[in-house]
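Please keep the sequence and the coordinates at hand while reading.

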Amino acid sequence: MDDLIKRIETKFTILDKKHQRDDLVFLTMEKSHVVDVLTCLRDTEGFRHLVMISAVDYIEYDVFQLTYLVHSYERHVDLGICLNVDRNNPVMDSIHHLWAGAQVYQREIKEMYGIDFPESPRVDEPMILEGWDDIPPLRRDFDTKKYAEETFFPREGRKTHDPRKVMEEQLYPHESKVKYEIKRLVRGNRNHS
Amino acid sequence: METATIHKEQTAGKKHPPASAWDPFWSENDELDLSSGKYTKIWHGPQHPGVTGNMALELTLEGDIIRKCHTHVGYLHRGFEKLMERRKYIQCFPIVCRICVPEPDVNEYLFAAGLEELAHIEIPKRAKWIRTLMLEMVRTAFLTMVTGGQAGSFGLGTIGQWAVTHRDYMLDLFEELTGGRVYHMYILPGGVRHELPDGFGDRVEKVLQKIEKLMATIEKVMFTNAVFKARSKGLGVISPDWVEPFGITGTTARAAGIPNDVRKDNPYLIYDQLEFEPITGTESDVYERAWLRKEEVLQSIRLIRQILKKMPQKGPVREKLPNVLNWKVPSGETYVRAESGRGEMGYYMVSDGTEYPRRVHVRGASYTHAMALLEQLAVGNDVADLAGLMVSLQTCPPEIER
């Protein structure tokens, strides 16, 4: 694995390295190099299985992190190629010409995060959310609670339980009793004063 | 007769495009003149007995022959990945098991394994054995049901009923062990929920014998049946050249002669201590895949026997965890994988150091099988064979629209 990373380093700039396991390394690269890196890995290094493409929304840094995970059946190791896409201009080059299966991932990411992959087949067609007109729902700034409250209505006579409270009562009965008793006393005093 | 001739001419050479001239979107390139009156557009699903789960196929037919197929999913979307971002790690367990209904434990295992890796938790030895036992049991139940489903999709409904009954015997064992028949939530971070009940191994053995007997019957009734053979042989042939571009894994890849098995290639839990070899085929059609699945049920049965024999009889089954409701998992990212009945299943998990997961991405085998591959594979086939083809690719919609 170290030899491989050294070989990649001679050709491309690696911004960050994370050794997660012996058989899994995440490399952060420049956005403009990623398609070339993936082509090189597929054609010369034997990473011919595209495991998945995923996106993570780092709203606090104003970027999306895209992760391409590739696997080599000869060495049985995985390599995650990460890159950052600007949140205000979310566009990335498509890799459907390298792996036919990639078009589905790209279509989903376009729908769920709004990251565009120009030239990817049928990338503009809705995949899961037909008729969706809100912001892409897997972005961090999409408020699920607000959406649910606006879209669905409360039913008469229906009880809801806070899952956290139920679990606390089941798993840590004594601690939960003490905690809620303290809360009750503090609140009582606060209201009193 | 006329349709058959057209079918033969137009699909000649399309089932096995040569590797050099391989074009991933060959079916997309055919421009169909819909105003010519030659074609009919129909919706196959989302409510249809021949569709696995809730998904729809938009078909363009010429007579009975499929000329174009587009998959439509979204009928089962519950937003699992988004829900998990708003829940504490322990609260995600009732969610992850719902990502695949017939085989929920793989999801539980993967979520727990990813979490343990991020939080640097080493689980007890006996817990590893029990987890493997659980995974193989659920794999046996799932593959038995799929074998029955494959028979049902070609009109042999009785075999489907036998298979569902035998899956139910396995569900009885799960009920005894975990309290739940379908969703178990038995595999938790740090190990498993509790110890196996007394005499559990003997009761597992009894069910295994029943399933073995069923498989012997199925071999006679289904695999030598003239109708089943005539309809499934030569249907849905996947060329080995397609395996890597489409990310095909599991039985579907092994039927094409490629011996990829996560249990063997990247051994997890205690698979490196078990003796087994991936079973491969050559023909890569629906019949071959059904046959391999039957063989894999028998392989899983052998594995369960090995596990029960070699398993340490005593020891802790669960590591002590911090208060799971205020559990801050160190930041990092990882990918864990396991072999499910459908192929490679994986979880990509990102933690940002808080009590909530930053991102959980579920990689299911049917994602590429049902979306990219099925659209290509259905073209040129008879619409009546589509149900058999879908079962053979083991499409599982909740895995696609997490």
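Two residues are taken to be in contact if their C-beta atoms, placed from the backbone, lie within 7 Å. The model under discussion is a predicted one. By that criterion, 35 residues of chain A and 34 residues of chain B make up the contact. On the side of chain B that touches chain A, at least two residues each are supplied by α2 (80–85), β6 (332–339), β7 (344–351), β8 (357–363) and α13 (365–377) of chain B. This side of chain B comprises 12 nonpolar, 11 polar and 11 charged residues.

Each chain may next be considered by its domains. In chain A, domain 1 covers 2–159 and domain 2 covers 161–193. The centres of domain 1 and domain 2 of chain A, taken over C-alpha atoms, are separated by 42 Å. In chain B, the assignment gives domain 1 (2–72) and domain 2 (80–400). Here the centres of domain 1 and domain 2 of chain B, again taken over C-alpha atoms, are separated by 30 Å.

The two domains of chain B touch: 27 residues of domain 1 of chain B are in contact with 24 residues of domain 2 of chain B. On the side of domain 1 of chain B that touches domain 2 of chain B, α1 (2–11), β2 and β3 of chain B each provide at least two residues. The most is given by β3(B), with 7 residues. By class, this side of domain 1 of chain B holds 10 nonpolar, 12 polar and 5 charged residues.

The strands β2 and β3 of chain B also belong to a sheet. Three strands of chain B form this open sheet in the order β1-β2-β3, with antiparallel pairing. Because β1 (40–44) and β3 (65–72) of chain B stand at the edges and each has a single partner strand, one side of each is left without a neighbour in the sheet. From one strand to the next, the twist averages 25°. Between β1(B) and β2 (residues 56–62) of chain B, which run antiparallel, there are 5 bridges. Within this pairing, B:H44 stands opposite B:L57 in β2(B).

Which residues does B:L110 contact, leaving aside its neighbours within four places in sequence? The partners of B:L110 are B:V336, B:A338, B:M345, B:G346 and B:Y347.

Terms used: Residues are numbered from 1 along each chain as its sequence is written. Chains are lettered from A and ligands numbered from 1 in the order in which they are written. This is a predicted model: local features need pLDDT of at least 70, side-chain atom pairs count only at pLDDT 80 or more; totals for chains, interfaces and linings use all residues. Helices (H or I, at least four residues) and strands (E, at least two) are DSSP runs, numbered from the N terminus. Ala, Val, Leu, Ile, Met, Phe, Trp, Tyr, Cys and Pro count as nonpolar, Asp, Glu, Lys and Arg as charged, and the others, Gly among them, as polar. Domain bounds come from an automatic or database domain assignment. Two strands pair if DSSP finds at least two bridges between them. Axes are lines fitted to C-alpha atoms, for helices over the stretch in contact, and angles run from 0 to 180 degrees between N-to-C directions.
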